[in-house]
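The sequence and the structure are shown below, followed by a description of selected features.

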Amino acid sequence: MATRQVEQAVDPGQTLTRLDGDAFRQLMAFWATGVSVLTACGDDGPAGATANALTSLSLAPPLALVCFDLSSRTLKAVRESERFCINMLGSHQEEVSRIFASKRNPSGKFAEIEYRVEDGVPVIKGCLAHLVCSLDSELRRGDHVVVIGDVLTGTTDSNGRPLIFYRGQYQAVREPTHT
């Protein structure tokens with residue numbers, strides 16, 4: 001794996017090295033993640049992007065953390081509306097993930113799927129769960145912006161199975177075995 005030198009001494013005579021972006025991506029491919037589509041309604045209409053960089057941050061108050069590429073049109077819509085939705089995709093929604101991972105025009109993406117606007121944000125039909133969030137704060141790091149959302153509302157569909165991404169591929173989750 002490729003590394004680059006960082007001019008910070010760890011111990012006298014030893015230099016710390018850092019992975020390059022491609023090597024980091026290869027390593028992170030071993031972390032299985034759920035797949036979501038982050039959506040918002042901005043001045044130009046609905047926008048959305050596939051994302052797996054998200055997590056719960058706090059229970060009191062309920063906060064969620066998501067990450068956007070700096071060039072994301074969805075980030076622009078989130079900033080304009082100060083609201084976004086985390087649509088957690090089910091195993092049957094691989095095509096939805098692919099649509100929103102593309103660089104197509106946002107209106108074209110939304111023309112290909114079923115959704116409704118709820119609490120000011122697009123909610124994708126058939127998701128396992130969705131969370132509507134108001135924009136709490138942002139933190140820019142590297143080529144992304146970490147966005148913290150104050151979770152306002154949400155729903156779940158407990159009958160589905162999640163869409164998982166692992167080692168560059170979508171994966172199936174087996175049904176749990178009951179003993």
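A129 counts as buried in this predicted model, because its relative accessibility is 11% and the limit for a buried residue is under 20%. This residue is found in strand 11, which covers residues 129–141. Not counting residues up to four places away in sequence, A129 touches I86, N87, M88, T155 and T156. A129 and L89 are separated by 40 residues in sequence, while their C-alpha atoms are 7.4 Å apart in space.

I86, one of the residues that A129 touches, has a list of contacts of its own. Leaving aside neighbours within four places in sequence, I86 is in contact with S36, V37, L38, L54, A64, V66, A129, H130, L131 and C133.

The pairing of the strands comes next. Strand 8 and strand 11 run antiparallel and are paired over 6 bridges; within this pair, F84 has C133 in strand 11 as its bridge partner. Strand 8 is also joined to strand 4, again in the antiparallel sense, by 4 bridges. There, S36 has M88 of strand 8 as its bridge partner. In a regular strand, side chains alternate between the two faces of the sheet.

A further sheet is open and consists of 3 strands in the order 3-13-14, with antiparallel pairing. Strand 3 (33–34) and strand 14 (169–171) each have a single partner strand and stand at the edges, so one side of each is left without a neighbour in the sheet. The antiparallel pairing of strand 3 with strand 13 (residues 164–166) extends over 2 bridges, and G34 stands opposite I164 of strand 13.

Which residues have the most contacts inside the largest nonpolar core? They are L38, V66, F68, F84, I86 and V147, in a core of 15 residues. At least two residues of this core come from each of strand 4 (36–42), strand 5, strand 7 (62–69), helix 2, strand 8 (83–88) and strand 12 (144–156). In soluble globular proteins, nonpolar side chains tend to be buried together.

| Largest pocket | about 1600 Å³ | 42 residues | 20 nonpolar | 12 polar | 10 charged |

In the largest pocket, the lining residues closest to the centre are R25, T50, N52, A53 and H144. Strand 5 (residues 45–51) provides the largest share of that lining, with 5 residues.

Strand 5, helix 2 (73–81) and helix 4 (106–111) each supply at least two residues of the lining.

How values were computed
Residues numbered from 1 in each chain as written. Predicted model: local features only at pLDDT ≥ 70, side-chain atom pairs only at ≥ 80, totals over all residues. Heavy atoms only, no water. 1 Å grid on protein atoms, 1.4 Å probe; cavity = no way out; pocket = protein on both sides within 12 Å on 5 of 7 lines; lining within 4 Å. Points joined across faces, edges and corners; volume = space filled by probe spheres on them. Nonpolar A, V, L, I, M, F, W, Y, C, P; charged D, E, K, R; others polar. Pairing = 2+ DSSP bridges. Core = buried A, V, L, I, M, F, W, Y, C linked by side-chain atoms within 4.5 Å. Buried < 20%, exposed > 50% of the residue type's maximum accessible area, 1.4 Å probe, protein only. Contact = heavy atoms within 4.5 Å.
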